[in-house]
Structures are given as structure tokens and as C-alpha cells.
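Please look over the structure below before reading on. The points after it are meant for someone who has not seen it before.

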Amino acid sequence: MLELIRKSAWTKERRFLLYKYLDVKPNHIVVDVGCGTGAFSRVIAEKLDPKKGGRIIGIDRNPELLREGRKFAEIASFGKLISFKKGDIIKSIPLPDNYADRVICQACLWLMTEQDRQRAVNEMIRVCKPGGLIGACESAIDSSVSYIEGDEHHNRLLRKRNIAMVEGYKKRYGYDRRIGYLLPKLFKDLGLERIRLDGIAHIHFQSDDRVPMDFKMEEKRDSKLYPSRVLAKYGKLRDNRNRRAFIEKMEPSLLAGGMSFKEIIELMHFQKSRAERFLKNPDLFKEDTSVDAGITFITTGLKPKQGK
Ligand SMILES: C[S@@+](CC[C@H](N)C(=O)[O-])C[C@H]1O[C@@H](n2cnc3c(N)ncnc32)[C@H](O)[C@@H]1O
């Protein structure tokens, strides 16, 4: 699932901006923390040149994901450029002080409480060279837009879902899903300099076929793949008892965030029947003028040079 989502997220157009914001150079040593299967590491690796000393080290606490990551890196012919190490970045990144030119992450810091996030970013700063850059790509749930053409009732429910997600994750896990725009303050508090907040918009508007395929979110544009994913997630909605168990398992944060069981079920049924309609008639999908959009925020800051 992680690979599928990531596959289409960094189109050529967005990579151009990403490299600019992270200011990645071919000779850089880069560390990607919470790298998972290394999808983000592979995006960054494209900008590095091993002949000039460029390389990237992915760190994750999950050995299974790292195993997959090694396979994917080999397949993409990045075997020499990307290496992986197991480590818990809250406790200690298994690398020396002042090691890398860039210490970056994607979709990792949201999975932490405020205190742990502070520890993790401090670790990122420790392994970064003085003058080097710390960068984090994280989204913010409440920056998402879901707009169904001509259906204000479901638009209201979709907005409510976003708010419930923010509240629910905070209550249940202590995670703040507004993380994308909360990091500049943390970076500042931890002593980083020249902090920037940039953003990359992800706008999914399915009917546009003027733009080359790899500039777009493939999964959304593929009229079969997107509805199939929705159905795979919601397909298990059957009788009432099943539904409650299913929702308690799949969407506990929505319940904790104030959405009622009835509202969650209604939204699920709505998405499920929409997906079924599109699967039956892919032309409908192309003509659909509904919009899904969100922002990936990129927070960057420089580690002060020694002696300042
Ligand atoms: C949503 S995934 C993102 C993976 C990858 N960065 C990407 O964008 O495809 C979050 C990753 O962070 C890792 N992670 C979370 N907390 C961590 C920690 N304390 N130490 C190391 N890895 C951690 C998880 O194991 C998981 O692989």
C-alpha cells in the first residue's frame, strides 16, 4: 500500500520543486529517517551521483520494511547508492554526529507525540553537519479538500471527517495530524536557522488528460485502480454487527474525534457506491468534476555553523 501511494506522489514536476526546497546536490550524503520501504530515498537518490560521493542512508525501526526497501533499491539499480540501517530515531539514529549534508524525512514525524517528535528532530540535528539542512515533508489533514460536485450534504460530512481525524488522533494516540504546518515552530525552538515552509499541492481532478501521465497521480487517473482501492477498504461492510466491529477497527480515530457511527457508515456507503458506479462505467469517472486536494508541507532549516 505504501509503495502504491508513493509511486505516484512524486511526479517529475513535484520532484523539481522537492530538490529545490531540500537543495540536494549530487555529492551529498543524505539520511532519510523513518524511510519505510525507501520510496522517498529512491526519489532523492535520483539527484545523487555516487561518483561524486553522493549516497543515501535510510533508517527505520521496522526490519520488514527495510528488507523490502533493499529489494526495491536493487530493482531500481540504486543498490550502491542507497543503504539501510535499523534504528529508532526517537532514541538514537545509528550514525555519528555531524555526518550528513541533508537529514530528511517524509510522513514520519506525524507518528509521534510532541515529546518524541522533539527527541527525533534533535537526533536529526545531531547527525547533520553544521551548515547542513534538516527537512521534513508532512501533510496536514485539515488542509485537505474533498468536493463532490453538487452534493453539499456529503461535502459537509467530508469536512467533518477531516476535523474528526485531527481531534481523534490527538485523543487516541497523542498525534497531531496538523503536523505539516506545526514544524516551523519546532525547528525554531530547537535552534535551526533560516527556516522555510514550502508546500506542494496535490490536486486530483480526474477528467484532465492534457497533462502527460507521469505528471499526474496515476492511481487517481486510472479509472479502475482508484475505485478498486476504495472497494478493497470498504468492501467488508456487511451486516450491522460486522460494521461496528469493522469501524472500531478501521476508523477508531473518527469515532474518538466526534463523528457518529451513523455518519461514518453513511460516508463509507457513499464512497463505496461511488466507487462501484465508476467501476461499472469508467467514462463517468473521466467526466466527474469532483476534486480531491491536499498540501504536502516541506519544512526546512539549517543547522548553525559551529562557533556561531
Ligand atoms: C507512513 S510511513 C512513511 C515511510 C516513508 N518515509 C515513505 O514516505 O514512504 C512511516 C514510517 O516511519 C517509521 N517510524 C515511525 N516511528 C519511527 C521511529 N521512532 N524510528 C524509526 N522509524 C520510525 C515507520 O516504521 C514507517 O516506516
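1. Where pLDDT is low, the predicted coordinates should not be read in detail.

2. The protein contains 13 helices and eight strands. Among contacts with a separation of 6 or more, 79% join residues 24 or more positions apart.

3. Of the 308 residues, 49% count as buried. The protein exposes about 15,800 Å², of which carbon and sulfur atoms supply 52%.

4. Helix α5 covers residues 114-127, 14 residues in total, and reaches 20 Å from its first C-alpha to its last, close to the 20 Å expected at 1.5 Å a residue. Its buried residues are R117, A120, V121, E123, M124, I125 and V127. What do the buried residues of α5 pack against? They pack against the strands β1 (29-33), β4 (100-106) and β5 (128-139), and against helix α7 (183-189).

5. Helix α12 (residues 261-280) has 20 residues, which should span 28 Å at 1.5 Å a residue; its end C-alpha atoms are 28 Å apart, so the two values agree. Buried in α12 are F261, E263, I264, I265, L267, M268, F270, Q271, K272, R274, A275 and F278. An α-helix has 3.6 residues a turn, so residues three or four places apart point the same way.

Technical notes. Residues numbered from 1 in each chain as written. Predicted model: local features only at pLDDT ≥ 70, side-chain atom pairs only at ≥ 80, totals over all residues. Heavy atoms only, no water. Helix = DSSP H or I, 4+ residues; strand = E, 2+ residues; numbered from the N terminus. Buried < 20%, exposed > 50% of the residue type's maximum accessible area, 1.4 Å probe, protein only. Contact = heavy atoms within 4.5 Å. Areas by Shrake-Rupley, 256 points an atom, 1.4 Å probe, with all protein chains shown as cover. Expected span 1.5 Å × (residues − 1).
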